[in-house]
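The sequence and structure come first, and the text follows.

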Amino acid sequence: MWRNGAVFQGISRRQLNEVYGALSEKGSFMRKRIAEILAAPEVGEQLQIAGWVRTRRDAAGFSFLEVGDGSSLANLQVIAEQTLANYRDEVKKLSTGCTVLVTGVLQESPAKGQSVELRADAIEVLGWADPESYPLQKKHHSFEFLREICHLRPRTNALGAVARVRSRLSYGVHTFFQERGFIQVHTPIITTSDCEGAGEMFQVTTPSASSVDSGEFFGRPAGLTVSGQLQAEVYAQALGNVYTFGPTFRAENSNTSRHLAEFWMVEPEMAFCDLARNRQLAEAMLKFLLRLVLTECAADLALFDRFIAKGLVAKLEAVVDQDFSHITYTQAVEQLQQSGQSFVYPVKWGIDLQSEHERYLTETIYQRPLIVTDYPAVIKPFYMRLSDDGLTVAAMDILVPGIGEIIGGSQREERYDVLLARMQQAGVDPLSYDWYLDLRRYGTVPHSGFGLGFERLVQFVTGMANIREVIPFPRTPGFAPC
RNA sequence: UCCCCGGUAGCUCAGCUGGUAGAGCAGGUGACUGUUAAUCACCCUGUCGGCGGUUCGAAUCCGUCCCGGGGAGCCA
């Protein structure tokens, strides 16, 4: 227990009291997170937990309460004896979803299923959950149903595990880049530049925009960002290596298990960097993140492995251990043509690879993450660097089994004349990208970067089939309940 | 947005070629039990996704809209 002046994990007792204290009607208390208790159980320790009742089972003269507080997948079993003052009136009426504050002593469990359990000295009910109307039951629910109650779904095992893994991955993204000297840049969410080729923009304006002189709040049409790349390039060409990690918006009417209208994207941008190093960084980053969750989220991954995607952990371990395969677009086309596989869309040099092609490459031929580079210039955006052959650009896609494209990136066109010509070919007005051209007029540098769809990463790591389950509050066409 | 499939009790689903509904789980009551998706008995539950049409009669057939799933496009 706490002693005055003690510091726990760098947090002072006063700070912890600010967070956890004074919640109970019986005065302040010091709850211990179940994850901490189970990580280093001390039999005989007097402690307090607070959490949600997962289930209550009655035995002769006492009840079992399974209590979870979200700190871990595992719950703590509470023994509630009938000698408790409120046993008959309250404890016996506890049901799934109720919130309780339990004070007691940790003891060894005589039965199988758990090594320790909390023998309650007092149980305070903080919140009831009427079993007649509480939607969550002690049984499996479909993810489609849970999506309709996304304010309650993080209380389930699977969605809680997703939230913990997602948080860890987010932390890992920052760790990876910060440890390598990358500067985080907060690129704008409201933007007036369309990152060409990145999809439809949501318009941003205000009903009273007409009261602003030009009729546009920002003096020109504005929208929610579809990519932070162009602005990240600005900072890369001042600070060297930068990254941006923030929300991204696409107004596409996409209805798939891999698309959201609002999602999070990780976009590093490196000055003095070519496509090969860009590729290496992307592979290193993915392996770093996978290694992180394999070691730090093992219990949550085990849940996914068992119930969501059999063999998940072995698959992730294999990705960490193996080198990613790398082929050029031209080689990909040849291999698809020679595969003997018949596709709905015939493979021909010059067409973009379709989903069926990408899946066949990564799932059937290579059976591991695959990097495809050097795509035809005609199917890629103007900012990608034109290669010496004049036909291809220094682009790369990283394809993973089950998801398809998880990363898209390129070396950027740093030559003013070539960039200008590519803009004109693409029908992009150079005047509206004058600031972008300035970066090539003054002290231009070869540079590269990529975009990682964060939710697709979480999907890949958790094995969740639908991207709507790996973001807390999914936004899709016709859906944004809270 | 396009193609295919689906929408029936709180949840997961059954309901053949039209005759206005049923199971398991959950919930309630009781019994039993160091239980752990506890067990046993009894009880309760429905605008059959919305609207319109065909028919004596529609959960069932037709049209349309909404929502979900699978695939595609767009992409991350």
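H141 is buried, with a relative accessible area of 12%; buried stands for under 20% relative accessible area, exposed for over 50%, and partly exposed for the range in between, using a 1.4 Å probe and protein chains only. H141 sits in the loop between β7 (116-127) and α3 (143-148). Helices (H or I, at least four residues) and strands (E, at least two) are DSSP runs, numbered from the N terminus.

The side chain of H141 takes part in two kinds of polar contact with the backbone: a polar atom of this side chain lies 3.4 Å from the backbone nitrogen of Q137, and the side chain reaches the backbone oxygen of K139 at 3.4 Å. A polar contact is a pair of N or O atoms within 3.5 Å; within protein, one must be able to donate a hydrogen and the other to accept it, and residues adjacent in sequence count only if both atoms are side-chain atoms. Neighbours within four places in sequence aside, H141 is in contact (heavy atoms within 4.5 Å) with P135, L136 and L146.

## Basis of the model

This is a predicted model, in which local features need pLDDT of at least 70 and side-chain atom pairs count only at pLDDT 80 or more, while totals for chains, interfaces and linings use all residues. Residues are numbered from 1 along each chain as its sequence is written, chains are lettered from A and ligands numbered from 1 in the order in which they are written, and side-chain values use heavy atoms, with hydrogens and water left out.

## The chain overall

Chain A has 13 helices and 18 strands. Of its 482 residues, 49% count as buried. Along the principal axes, the C-alpha atoms of chain A fill a box of roughly 85 × 65 × 45 Å. Among contacts in chain A with a separation of 6 or more, 66% are between residues 24 or more positions apart.

## Other buried residues

S72 is found in the loop between β4 (62-68) and β5 (76-81), and its relative accessibility of 19% counts as buried. Its side chain reaches the backbone oxygen of A74 at 3.1 Å. Not counting residues up to four places away in sequence, S72 touches I34, A35 and R164.

F245 belongs to strand β12 (residues 241-249) and is buried, with a relative accessible area of 9%. Leaving aside neighbours within four places in sequence, F245 is in contact with S170, V173, H174, Q184, W264, M265, V266 and F454. F245 and S170 are 75 residues apart in sequence, with their C-alpha atoms 8.9 Å apart. V333, in helix α9 (residues 329-338), is buried at 3% relative accessibility. Residues up to four places away in sequence not counted, V333 touches V347, K348 and W349. The C-alpha atoms of V333 and Q178, 155 residues apart along the chain, are separated by 38 Å.

## Helix packing

Two packed helices are described by the angle between their axes and the distance between the axes. Axes are lines fitted to C-alpha atoms, for helices over the stretch in contact, and angles run from 0 to 180 degrees between N-to-C directions. Helix α5 (residues 229-239) and helix α12 (residues 434-441) pack at about 30 degrees, with axes 11 Å apart. The two are therefore roughly parallel; angles under 35 degrees count as roughly parallel, over 145 as roughly antiparallel, 65 to 115 as roughly perpendicular and the rest as oblique. Q229, L230, Q231, E233, V234 and Q237 of α5 and W435, Y436, L439 and R440 of α12 make the contact.

Helix α7 (residues 298-308) and helix α8 (residues 312-321) have axes that come within 8 Å and cross at roughly 120 degrees, and are therefore oblique to each other. L301, F304 and D305 in α7 meet L312, V313, A314 and L316 in α8.

## Positive phi angles

Most residues other than glycine have a negative phi. Q367, not a glycine, has a positive phi of about 55 degrees. Q367 is in the loop between α10 (355-365) and β15 (370-376) and counts as exposed at 59% relative accessibility. D374 is also not a glycine and has a positive phi of about 60 degrees. D374 lies in strand β15 and is partly exposed, with a relative accessible area of 22%.
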